[in-house]
Amino acid sequence: MTRNLAMMADSEDDKVDLHGFRGSHSSDDQSVTKALEESGKRRRDVQRNKIEKDYYLEMERLEKSSIASLDDSVNKITAFYKTRLETLSALLIKKAEIENEIVQSTAKLERALAGAKEELQTVLDARLAQARKDLGS
């Protein structure tokens, strides 16, 4: 139909535009064209604004999601390290207890060895004295 209107416009003296308006480019045609252009511009502006709004909303959602994911990871890592530190602390306390037991056992063993040494020395001195007496008599 648009093609027919265009062919009719070529054959007739007064021009017919594609919308069926008759007459040469009148102010009505210009105002309709201008209105169409403005309408198209408004639609493009609305569409562009919607796209921009959707973009910024998506960026905000992604940022919140990233922050939440990061916070979750930090919390998991913190909990992991806290558990490890508690375990390490308990092991250090146990190590200190064992070292204290070793020191106490070593001191006890040293006292026992010193007593045994004195006892052995007394026995050896007595035997040596007996042996000298037996040899000398």
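Asp-45 and Arg-48 sit three residues apart in helix H2, so about one helical turn separates them. Helices here are DSSP runs of H or I with at least four residues, numbered from the N terminus. The model is predicted: local features need pLDDT of at least 70, side-chain atom pairs count only at pLDDT 80 or more, and totals for chains, interfaces and linings use all residues. Side-chain values use heavy atoms, with hydrogens and water left out, and residues are numbered from 1 along each chain as its sequence is written.

**Salt bridges**

Side chains of opposite charge can pair when their charged atoms come close. A salt bridge here is a side-chain nitrogen of Lys or Arg within 4 Å of a carboxyl oxygen of Asp or Glu. The count by this rule is seven. Three of them are listed below, including the bridge between Asp-45 and Arg-48.

| Pair | N to O distance |
|---|---|
| Asp-45 and Arg-48 | 2.3 Å |
| Asp-45 and Lys-41 | 3.2 Å |
| Lys-64 and Glu-60 | 3.2 Å |

Which residues form a network with Asp-45? Salt bridges link Lys-41, Asp-45 and Arg-48. Lys-41 and Asp-45 both belong to helix H2 (residues 27–136). They are four residues apart, about one turn of the helix. Lys-64 and Glu-60 are also in helix H2, four residues apart, so about one helical turn lies between them.

How accessible are these side chains? Buried means under 20% relative accessible area, exposed over 50%, and partly exposed in between (1.4 Å probe, protein chains only). Lys-41 is partly exposed, because its relative accessible area is 45%. Arg-48 has 42% and is partly exposed too. Glu-60 comes to 39%, so it is partly exposed. Lys-64 reaches 53% and therefore counts as exposed.

**Aromatic pairs**

Rings of Phe, Tyr and Trp (its six-membered ring) pair if their centres lie within 6.5 Å. Planes under 30 degrees apart count as stacked, over 60 as edge-to-face, and the rest as tilted. By this rule there are two aromatic pairs. Tyr-55 and Tyr-56 make an edge-to-face pair, because their planes stand at 75 degrees, with ring centres 5.2 Å apart. Tyr-55 is partly exposed at 46% relative accessibility, whereas Tyr-56 is exposed at 56%. Phe-80 and Tyr-81 have ring centres 5.5 Å apart and planes at 75 degrees, so this pair is edge-to-face. Phe-80 is partly exposed at 44% relative accessibility. Tyr-81 has a relative accessible area of 51% and is exposed.

Key:
Helices (H or I, at least four residues) and strands (E, at least two) are DSSP runs, numbered from the N terminus.
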